[in-house]
Amino acid sequence: MSAAHSIATGAAAGRGDDRSLRGRVAVVGIGESGYYKRGQSPEPEFKLALRAILAACADAGIDPRSIDGFASFSDDRSDASRLSAALGLPRLRSTTMQWGGGGGGCCAAVANGAAVIAAGLAECVVVFRALAQGEFGRFGQSSGAASVAGDMAYQTPYGVLAPPQKFAMRAHRYMHEHGVRQEALRAIALASYHHAQNNPRAVMYGKPLTVEKYDASRWVVEPYHLYDCCMENDGAAAVILMSAERARDCAQRPAYLLGAASGSGHRAAASPHNAPHYASAGFPSVAEDLYRMAGVGPDDVGVVQSYENFTGGVAMALAEFGFYAPDEANEFLTVENLTAPHGRLPLNTSGGNLAECYVHGFELVVEAVRQVRRASTSQAARSDVALVAGGPMVSPVSALIFGSEDTL
């Protein structure tokens, strides 16, 4: 593929760069709270965060008091100092929060925590996200605020109030320009639901999706059917980061950070809906930086976890990461190609935002680690190199590549 070839050219530049994170930091523990439909968590958001963090520590085989840093994104409400006190940490050395709304920061938060470790500012960083929409309100509902600013000031007067409305316009433009059919979006939804049926943690476990059910579901806003849209959930997820040297002493096989990148292209957030590259998921420059640091290209990636705010963004993102050219989307995006174990590119193998749980995409980071460990409920045949894409169509976006020890 020409796109893959162009991205892969020079990708090995990340190897040996003293300023690169490649191979210097690893995920040693992963943890989650229970996952619930919005409003059904029996516990408050702060306690969900603690449950995920403690589960990640148990997974790594470490004392929670080993933690000395926290990282999160999207203005997580579980304050790091309060978490530190609740966990009994003897010392807190680092707290970072990725700027930018939505799930675009889910991968950047991991990169920030890894950078803290690489710089010697902390030794054991927990990266987490906790949500209790039943406690604090729904993301998919207009706030009813008396005034609005920024991008929403141009949209609200015309009835564009919710994320599916504004992101549908980008997807429609992309589908028109490249001849992408509805079946391609449907395949993304069906693959996520297929994988969720193997995952007892998934909110949609035991609730399979069929072609007929997808086609019969109501339109939210074209081109999005109900099942093209992410769920609204309560839950928390966390990962524990350590240096590669310390990671070898932990209980689990490390998943090494090969590459990380975040940002956006020229005037990506121009208002109102006026970005020069409008029909984009926002990853062209991020993909280039990611592959360069990781020293790999698209052909090396065996499995992908892509944030699904909406399926249209996934179709755009996968093309921008070089897995196919935009006009090849209909041929590439089929259920057979996107499902584990033997699809060309297994996608969202835990069920993702559509069918596992919407934890602002952080559950995708956890699943990528499981794939590298070869411990997923829908294990991909090739999983030594796993890519995570965070927040298609928002700004900034971010991405990660994890690898097994064999990739170092």
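1. In this predicted model, Ser306 stands opposite Ala389 of strand S11. Strand S11 covers residues 385-390 and runs parallel to S10, the two being joined by four bridges. Within S10 (residues 303-306), Val303 and Gln305 point one way, Val304 and Ser306 the other, and all of these residues are buried. In a regular strand, side chains alternate between the two faces of the sheet.

2. The loop between S10 and helix H12 (311-320) holds Phe310, whereas Phe167 belongs to helix H7 (residues 163-178), so their pairing ties together parts that are 143 residues apart in sequence. Ring pairs link Phe167 and Phe310 with Tyr224 into a cluster.

3. Nine aromatic pairs are found in the whole structure. One of them is edge-to-face, because the ring centres of Phe70 and Phe128 lie 6.4 Å apart with planes at 85 degrees. Phe70 is in strand S3 (residues 69-73) and Phe128 in strand S5 (residues 125-132), so this pair ties together parts that are 58 residues apart in sequence. Phe70 counts as buried at 1% relative accessibility, and Phe128 is buried at 3%.

4. Two arginines lie over aromatic faces: Arg82 over Phe46, at 3.7 Å from the ring centre, and Arg129 over Phe73, at 5.6 Å from the ring centre.

5. Asn353, in helix H15 (residues 352-355), is buried, with a relative accessible area of 0%. Beyond residues up to four places away in sequence, the contacts of Asn353 include Cys230, Met231, Tyr307, Glu308 and Asn309.

Conventions: Residues numbered from 1 in each chain as written. Predicted model: local features only at pLDDT ≥ 70, side-chain atom pairs only at ≥ 80, totals over all residues. Heavy atoms only, no water. Buried < 20%, exposed > 50% of the residue type's maximum accessible area, 1.4 Å probe, protein only. Pairing = 2+ DSSP bridges. Contact = heavy atoms within 4.5 Å. Phe/Tyr/Trp six-rings, centres within 6.5 Å; stacked < 30°, edge-to-face > 60°. Lys NZ or Arg CZ within 6 Å of the ring centre and 35° of its normal.
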